[in-house]
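Subject: Two-chain model, handover and notes

Hello,

Here is the structure I said I would pass on.

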Amino acid sequence: MKYYDKLIFELSKPGRCGYSLPVSPWNTTADALPEGLRRTAAAELPEVSELDVVRHYTNLSNMNFGVDTGFYPLGSCTMKYNPKINEEMASLACFKDIHPLQPESTVQGVLELYYNLERSLSAITGMANFTLNPFAGAQGELTGLMVIRRYHELRGDMKRTKIIVPDSAHGTNPASAAVCGLDVVEVKSKPDGRIDIESLRPLLDDTIAGIMMTNPNTLGLFESEIKEIAKLVHDCGGLLYYDGANFNPLLGMVRPGDMGFDVLHLNLHKTFSTPHGGGGPGAGPVGVAAHLADCLPNPRVVLGADGKYQLLTSETSCGRVSGFMGNFGVLIRAYTYILSLGKENIRMAGPLAVLNANYIKESLKDCYKLPIDMTCMHEFVFDGLLDKSTGITTLDVAKRLLDYGFHAPTIYFPLLFHQAIMIEPTETESKETLDGFIEVMRRIAEEAIANPEELHSAPHNTPVRRLDETTAAKNPILTYRESLCKK
Amino acid sequence: MAFAYFPHTDADVNAMLARIGVGSLEELYADVPADVVYRKEYDLPSAMSEMEIRRCFEGLGRKNKPVTVMCGCGAYDHYQPAVIPALISRAEYLTAYTPYQAEISQGTLRYIFEYQSMIAELTGMECANASMYDGATAAAEAMMMAMAATRKKTRVLIADTLLPQVAEVVRTYAKYHGVVIGTVAHKDGNTDLADLKAQLEAGDVAGVLVPSINRFGIVEDLTGFADAVHAQKGLLMVYADPSALAVVRTPGEWGADVACGDGQTLGIPMSFGGPYVGFLACKKEHVRKLPGRIVGETTDVDGKRAFVLTLQAREQHIRREKANSNICSNQSLMALYVTIYLSLMGKQGLKEVCNQSYGAAHYLHDQLVATGLFAPVFDRPFLKEFVLKTTIPVEKLQQALLDGGFFGALATEEGYVSFAATERRTREEIDRMIDLIKSI
């Protein structure tokens, strides 16, 4: 990685251009618009050559770390390998040049892909029906909660305004619930991070719309009492929501539908190998049990009696959550991945992810504090270094890992431990890669004693070093124009 | 059986199980009740090789019918420069996650900063976030932003001239978020200021969402809108086509507090509706209500210029149930897409795209009217999209176009037919479609 300091605006020179358009065949221009409807001052966009653009964005990319660069054990993010064939299939012209409002007769191939992907996700999760429209995990959550609210509304049960969320949940759960107009009731977890059934029981009454659960939970532990929880929640008339952020260890082993969940979302950019793209685009399909299918968002893909695929809009739906039909390009990638896995390889996906996580955990627990010493699923949490006398924090460990060519794990989450380091290796990493990571983690533990200053000031060989985040937030500079003004 | 994405040999698995101290992979699932472990065969096809997958997708592709696109309604057939796919497919961008570790994510952070800067320039606003999912959800977030920014207000007004799918998503979010949505009527195709003022009088309106270019393709005249909304302490939110903002009056110039819309018009392939990229920009005074990721400039310990995710105290992972939005990512790679597009097109190129789209659309409009089968509905200025009345039954017209390989004449709820043309449409294509219509 090499530091490169330019912004595209700083390469600009009046008169340069990076585009190639035909000579206009028309004798009119937008200057014919009435003056009062035209913009007065031109937007200050850069004027650069094509090569300027290519070099600039190539140089910027050299300051980035991706899964293709190296090991990326970011907990709860499932940074598995993103197969190249997925990218190629998503860029086929026969899928790219399609207008979203084209008549169904001209997009049968597209709709068949939606239908097949929905059927595949149903087979994998045990849910009856899916919508592929939500754009991301968070939007999937919100959509799932809308489905739950719509379900109760259709039954005329308007009292159910509360949703139960475990205290160990990711922050997005309560945020999604609040955006969806639900009141959040927190349920305590036991010392091992699992839901405390005795704390849950008194919360359950006829005002409960449902419960949001992540299973395995954010500590990487399977909620082994799930069937009892499901029964209790169902008995009070509530529904069970499954946050699919942590579905990867169950891929090929366990189906949320079989555990009693009524609604779930999946993150195709986690479990189904579509690239994270620096933060998106992802996809957050929502699956439901049969009795909730009518509440899924509009429009839905259905197979007509004539063997033709159709887009269906219904009055019982929770509404529309996307301008069109979601991130189609991402769906193509996920479907490609499922075809690659097939019914055979899928059986090994979850188990190998779980194997990798437990292997790292067992190999490092003599130098990092393992607060819950149990078999984990796809990820686990250390509470900082075992030796607390060195003053070395989790942040120091994470930053030092960057020097050694690894991405850092997720840090300071979950909130249950002060020095949380959450590690998720995924199934696509080899034993050799894990051994290399383990060796470096052990070396860092030694450095914490022998040379703590080296860790406090890490990273040392990255394009930039620790940043002044306080000033960035106190006096935010959010655009190039603002940056020029401040100088 | 070996599989390309799983590197484990049998010897590896055994050695790892030994280190863990269990005898089998299944033992790792001891916490899972036995009756929820799935033991049946998955109802999926058998694993396919790359060659088989290629054949499968080519087969699906053949079931689509290619058409020449002569309409828009929220997705437009603009040209995609060759440079962009070459750059955004770089694995350093594609396979990275959200830039949490800023020291090894300066590539992502810098292009987001450039993106925010360009969106602010185009919209005439002071700041922008790192992007939203699409235009419709950006509009819904703008609606919730207005609710958060004003106190004790219960309603948001949306123009009847908004794109229908955008209005529908706003209504869905509003329903569950507990916001009442009212509609402002249009007068001759332009949102009616008199109706707006009448509805504002109740004093309960948090914000008003109007399009800069509406579902009839009309460039709206928003004179007086900002004053009317601000007099009632609400936010004016303008839904805009960022490509058109090279030439049409900006949300900032109209006095808007928030601008939102879809970046698809910045050269993103239509791709059956996604991935696109929503944008959300605002005046700086509202930045702490702006949802989503925001990147700011700072320095590192050595004084080097650097960029970082900032103002995170607004975000859902900190505020939990007190958050105004649940978004926790952005549409980053698509933000990179439009940043590269805008870098290539620059000041002149984007104007030229508008000029050529204007030329093509006006030629198409005039040729259609000249057939005597179509007549204008509104006498208002448009850029690349317009609606007409027609004497041909709409379904018959649509089918004839499809049979000739064209997709156009989308029907509005009023029964008008909508057409659009971009810089990609040639005189030859338009003439061919006109001939086809004459032969109906």
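Conventions

This is a predicted model, in which local features need pLDDT of at least 70 and side-chain atom pairs count only at pLDDT 80 or more, while totals for chains, interfaces and linings use all residues. Residues are numbered from 1 along each chain as its sequence is written, and chains are lettered from A and ligands numbered from 1 in the order in which they are written.

Chain A

Chain A has 15 helices and 12 strands; helices (H or I, at least four residues) and strands (E, at least two) are DSSP runs, numbered from the N terminus. With a radius of gyration of 25 Å against the 23 Å that the globule rule gives for 487 residues, chain A is as compact as a globular protein of that length. The radius is taken over C-alpha atoms, and the rule is 2.2 Å times the number of residues to the power 0.38. The C-alpha trace of chain A spans about 75 × 70 × 45 Å along its principal axes.

Of the 487 residues in chain A, 58% are buried. A residue counts as buried if 20 or more other C-beta atoms lie within 10 Å of its own, as exposed if 12 or fewer do, and as partly exposed in between, with C-beta atoms placed from the backbone. For contacts in chain A between residues at least 6 apart in sequence, 72% join residues at least 24 apart. Two residues are in contact if their C-beta atoms, placed from the backbone, lie within 7 Å.

Chain B

Chain B has 13 helices and 17 strands. Its C-alpha atoms fill a box of roughly 80 × 55 × 50 Å along the principal axes. Buried residues make up 60% of the 440 residues in chain B. Among its contacts between residues at least 6 apart in sequence, 72% join residues at least 24 apart.

Chain B is divided into domain 1 (68-79 + 346-438) and domain 2 (83-340), with bounds that come from an automatic or database domain assignment. The C-alpha centres of domain 1 and domain 2 of chain B lie 28 Å apart. Their contact takes 21 residues from domain 1 of chain B and 22 residues from domain 2 of chain B. On the domain 1 side, the elements that give two or more residues are α11 (332-370) and β14 (385-390) of chain B. The largest share of that side, four residues, comes from α11(B). By class, the domain 1 side has 14 nonpolar, three polar and four charged residues. Here Ala, Val, Leu, Ile, Met, Phe, Trp, Tyr, Cys and Pro count as nonpolar, Asp, Glu, Lys and Arg as charged, and the others, Gly among them, as polar.

β14(B) also belongs to an open sheet of four strands, in the order β13-β14-β17-β16 (chain B), with antiparallel pairing. β13 (374-376) and β16 (410-411) of chain B are at the edges with a single partner strand each, so one side of each is left without a neighbour in the sheet. Two strands pair if DSSP finds at least two bridges between them; three bridges join β13(B) to β14(B). In one of the pairings, Ala375(B) has Lys389(B) in β14(B) as its bridge partner.

Contact between the chains

How many residues of each chain are in contact with the other? The count is 169 residues of chain A and 169 residues of chain B. Helix α10 (residues 328-364) of chain A gives the most to the chain A side, with 22 residues. That side has 91 nonpolar, 51 polar and 27 charged residues.

Backbone details in chain A

Most residues other than glycine have a negative phi, and most peptide bonds are trans. The following are exceptions to look at.

- A cis peptide bond joins Asn215(A) and Pro216(A), with omega about 0°; Pro216(A) is in the loop between β4 (208-213) and α8 (226-235) of chain A.
- Phe413(A) and Pro414(A) are also joined by a cis peptide bond, with omega about -5°; Pro414(A) lies in the loop between β11 (410-411) and β12 (420-423) of chain A.
- Ser76(A) has a positive phi, near 70°, and sits in the loop between α1 (50-61) and α2 (84-90) of chain A. Ser76(A) is buried, with 21 other C-beta atoms within 10 Å.
- Ser273(A) has a positive phi of about 65°, and is in the loop between β6 (263-266) and β7 (286-288) of chain A. Ser273(A) is buried, with 25 other C-beta atoms within 10 Å.

Regards
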